[in-house]
Amino acid sequence: MIWALLLLLTAVLFVILLQPLLKSDDADLDGDSASLQQSENLRLYQTRSADIDAMEITEDEKAALRLELDRELLANANQAQSYSKTPSKALRAGFLVAVVAVAVGATVLLYQQWGAANAIAATALLDKASSVELSDKEREELIERLTAAAKHDPEEIEWNYLLGRLLNAQGDFSQAANVFADILAALPAEAAQDRAATMTLLAQARFFANDQVADEETYGLVKRALELAPNQRQTMGIAGILAFELGYYSAAVDHWKGLYLGMPEGPESQSLGQGIERAASLAAEQGEAIDLSWMERAQIQVFVALSDAAKAEVNSTDSVFVLAKAVSGPPMPLAVQRLTVADLPQVITLSDAQAMAAGLQLSNFAEVTVIARVSRTNQPIAQPGDWQTQISPVATRGTDLLNLSIDQRVE
């Protein structure tokens, strides 16, 4: 940064020291004029030297500026002795253009370096926040630096996004809403997923800024977000809340249904289930009946055993995988239980508790394929030499106990 500072100050010194030359006409300088010029240069030199002494910079920086000032004074003294005429107008104009170019370049360089330093400081604070809680002073500094970084690099939307999330966490919902509104305005129309996520954050900030009072404009915002990204879990949640608060109980159930089906059994799903049942009850009071049979959690009980042929070839320590996969859908298993041959025969239960990925629960599907496999390599993917059996399709609800006898050799 010191070089940019020197470059900028040098350009300013050039303009100050050469100002008398730039203002003179094409007449010859006589001895008195040259003497006056030298006196003026000396006065300016002394003034600038005092200014340098007063600057709040390091001694090395001051020394560099004084050296440059000395060179300019010497150059002007030599010029007064060697030339009896001022430079031509064309030469003066060209020199002024060069000086302006140097000043502009130095300004840009300083702007870039100051912005980079601010971004580095903001990143350091974000890194620290990921491991320890920031103090109040550090949080304030982080907000200030994120704000500065967002203004310095308006095309880097990530700075604004981080600022909005931090303001939300701080409870500054009105400011957060303004930030997310700016982000939404800057996002291109083709960035559907990003726009949907930003709409959701904007709606959430507006809702809390309005003391958790819903309004049609905010609800319309999340509905547009769901049109762009129907499976956004956070969007489904806030959409259900807004619909419920506005008295659209059937719509609230519809929004929460996808969220509920994507949750494993637990306190969170139970709490949401109570909200769904409450919305359905209020809808019934309005004369609208809502079927909640889909809230029954999927569960399949399977009796797993080995055929005589399989028993003759497998070892007691070989892994046994019992899994359910969608009949038509993602290839990833929806529920998996792992046993050993020594555990068989046994009755096991497949449910949402064995889900391998969020949003891919057994309850999301009406029918599945149930597979039981002995793996000689202890890997869930079938390999030659494994033994297995399967049944398909199997209803995920209301199915009696399944009997699976592992009797087919994988070739």
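**View 1. Contact between helix 8 and helix 9 in the predicted model.** In helix 8, the residues Ala192, Gln193, Arg195, Ala196, Met199, Thr200, Leu202, Ala203 and Arg206 meet Glu217, Thr218, Leu221, Val222, Arg224, Ala225 and Leu228 of helix 9, where contact means heavy atoms within 4.5 Å. Helices (H or I, at least four residues) are DSSP runs numbered from the N terminus. The model is predicted: local features need pLDDT of at least 70, side-chain atom pairs count only at pLDDT 80 or more, and totals for chains, interfaces and linings use all residues. Residues are numbered from 1 along each chain as its sequence is written, and side-chain values use heavy atoms, with hydrogens and water left out.

**View 2. Axes of helix 8 and helix 9.** The axes of helix 8 (residues 192-209) and helix 9 (residues 216-228) come within 8 Å and cross at roughly 160°. Axes are lines fitted to C-alpha atoms, for helices over the stretch in contact, and angles run from 0 to 180 degrees between N-to-C directions. The crossing angle makes helix 8 roughly antiparallel to helix 9 (angles under 35 degrees count as roughly parallel, over 145 as roughly antiparallel, 65 to 115 as roughly perpendicular and the rest as oblique). This crossing of helix 8 and helix 9 is left-handed, a term used if the near helix is turned anticlockwise from the far one by less than a right angle.

View 3. Thr198 lies in helix 8. With 4% relative accessibility, Thr198 counts as buried (buried means under 20% relative accessible area, exposed over 50%, partly exposed in between, with a 1.4 Å probe and protein chains only). Apart from neighbours within four places in sequence, Thr198 is in contact with Phe180, Ile183, Leu184 and Leu187.

View 4. The 14 residues of helix 7 (residues 173-186) should span 20 Å at 1.5 Å a residue, and the end C-alpha atoms are 20 Å apart, which agrees. The expected span is 1.5 Å times one less than the number of residues. Buried in helix 7 are Ala176, Ala177, Val179, Phe180, Ile183 and Leu184. Seen down the axis of helix 7, these buried residues fall within an arc of 165°, so they line one face of the helix; the arc is that of the directions from the helix axis to the C-beta atoms. On the other side of helix 7, Asn178, Asp182 and Ala185 are exposed.

**View 5. Helix 10 and its packing.** Helix 10 (residues 233-245) has 13 residues and reaches 19 Å from its first C-alpha to its last, close to the expected 18 Å. Its buried residues are Thr235, Met236, Gly237, Ile238, Ala239, Gly240, Leu242 and Ala243. The buried residues of helix 10 pack against helix 8, helix 9 and helix 11 (249-261).

**View 6. Helix 10 against helix 11.** The axes of helix 10 and helix 11 come within 8 Å and cross at roughly 160°. That makes helix 10 roughly antiparallel to helix 11. The crossing of helix 10 and helix 11 is left-handed. Lys257 is found in helix 11 and, at 33% relative accessibility, counts as partly exposed. The C-alpha atoms of Lys257 and Met236, 21 residues apart along the chain, are separated by 8.7 Å.

Note on methods: Helices (H or I, at least four residues) and strands (E, at least two) are DSSP runs, numbered from the N terminus.
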